[in-house]
Amino acid sequence: MFSSLRTRVGLGRRRPGRTLRPALAAGIGILLISCTPATSVRKDSAVPVAPAHTGASGRVYVTNQQDDTLSVIDARTYKVVATVPAGVAPEGVAVAKDGKHVYIANSGSARVSVLDTRNNKIVADVPVGKNPTGVGLSPDGGFLCVTNGGSNTVSLIDTRTNRVAATIPVGKSPVNVAFSPDGGSAYVANSGSGSLSVINTRTRRVDRDLPAGRSPVGVAITPDGKSAYVADEVAAHVLAVETRTGKVTTVSVGEGPFDVAVGPGGRFAYSADLGPGNVSVIDTGSHRVSSTIALGPPGTDPFNLEVTDEAIYVTNQGAGTLKVIDPNSHKVVATVTLGASPYGVAVS
């Protein structure tokens with residue numbers, strides 16, 4: 001029924017202390033804003049640019065939390081080709097496998113917007129719980145999983161009808177969700193209760209809760225399904241949690257890790273560390289940081305990650321940018337200027 005979507009779906013909530021604009025989005029998500037002429041792309045000529053993504057549409061989608069918009073980026077040129085109105089304070093974002101629809105969690109309006117990528121228009125607005133943050137699609141595309149941080153629930157949306165099929169109580173302040181490779185379990189990071197709620201996707205109930213530090217926000221599952229990597233924002237740790245036994249191995253990273261993603265091959269996990277403005281590269285075999293990737297000075301605020309075979313994408317809330325990293329050299333190859341407080345990122 002469900003399966004692993006997330007090698008990224010690295011989403012979460014805004015950094016504590018950041019203030020959302022109290023603006024209401026008029027005509028949410030209906031009109032398309034023309035391509036942004038002021039967009040800038042900086043490339044490091046000393047480093048080969050990672051191969052262009054060759055997915056269904058070759059697009060990178062980034063939510064701009066304080067602009068109430070979604071940036072659409074060409075994955076070959078790294079240029080913004082459209083800026084689309086979303087709901088109020090858009091955060092988590094996911095793309096259907098066929099690239100035809102994008103799902104946006106709007107934390108300020110308690111709705112999920114559905115974007116038709118063929119015309120960049122919002123075609124549905126689905127009411128969910130309070131403060132939806134993280135989203136993830138089942139691999140068959142049949143269901144979208146949404147974490148409702150203000151309701152302590154997860155909403156399951158049937159993508160055929162764009163209606164909520166089930167609402168599942170989880171821990172306090174859920175932020176992100178990741179699926180096991182076989183789709184049998186969904187792991188929800190509960191920042192308020194320091195746990196991972198393990199949802200049985202067949203019964204649609206929580207089977208058990210695993211310990212996950214003080215404030216787990218980001219979560220990713222290894223390709224073999226044996227480990228969940230969890231970003232503990234308060235403790236400056238990434239936790240490797242054995243999914244069968246619940247045993248925890250602690251990995252020290254930079255201050256304020258907000259998201260974590262596991263590469264497609266499973267060799268590395270990546271942590272977005274808000275405090276120092278870098279990405280920690282974790283060797284999943286040794287559970288140790290093998291290197292760090294500098295994205296900017298403190299205040300850059302690397303926030304969420306998406307990892308593909310071709311590139312690592314990192315949103316930087318403070319800097320208002322998207323960084324593109326070569327997954328082989330672990331070097332930054334491009335910087336894309338976006339809107340205010342870029343948040344979630346997904347790739348088609």
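This is a predicted model: local features need pLDDT of at least 70, side-chain atom pairs count only at pLDDT 80 or more; totals for chains, interfaces and linings use all residues.
User: Which residue has a positive phi of about 55° although it is not a glycine?
Analyst: That's N162. Most residues other than glycine have a negative phi.

User: Where does N162 lie?
Analyst: In the loop between β11 (153-158) and β12 (163-169).

User: Is N162 buried or partly exposed?
Analyst: Partly exposed, because its relative accessibility is 23% and buried would need under 20%.

User: OK, what about phi of A236?
Analyst: A236 has a positive phi too, near 60°, and A236 lies in the loop between β18 (227-232) and β19 (237-242).

User: Switching to G320, where is that one?
Analyst: G320 lies in the loop between β26 (312-316) and β27 (321-325). G320 is buried, with a relative accessible area of 9%.

User: What does G320 touch, not counting residues up to four places away in sequence?
Analyst: V336, T337, L338, G339 and P342. As for D301, its C-alpha is 9.0 Å from that of G320, with the two 19 residues apart in sequence.

User: Now the largest nonpolar core: which residues touch the most other members?
Analyst: Of its 17 residues, those are Y229, V238, F258, V260, A269 and I282. β17 (216-221), β18, β19 and β21 (257-262) each give two or more residues to this core.

User: Which element gives the most to this core?
Analyst: β21, with three residues.

User: And what is A269 in contact with, leaving aside neighbours within four places in sequence?
Analyst: Y229, V260, A261, V262, S280, V281, I282 and T284. Apart from this core lies another, of 16 residues, including V60, Y78, A311 and Y313.

Terms used. Residues are numbered from 1 along each chain as its sequence is written. Side-chain values use heavy atoms; hydrogens and water are left out. Helices (H or I, at least four residues) and strands (E, at least two) are DSSP runs, numbered from the N terminus. Buried means under 20% relative accessible area, exposed over 50%, partly exposed in between (1.4 Å probe, protein chains only). Contact means heavy atoms within 4.5 Å. A nonpolar core is a set of buried Ala, Val, Leu, Ile, Met, Phe, Trp, Tyr and Cys residues joined through side-chain atoms within 4.5 Å.
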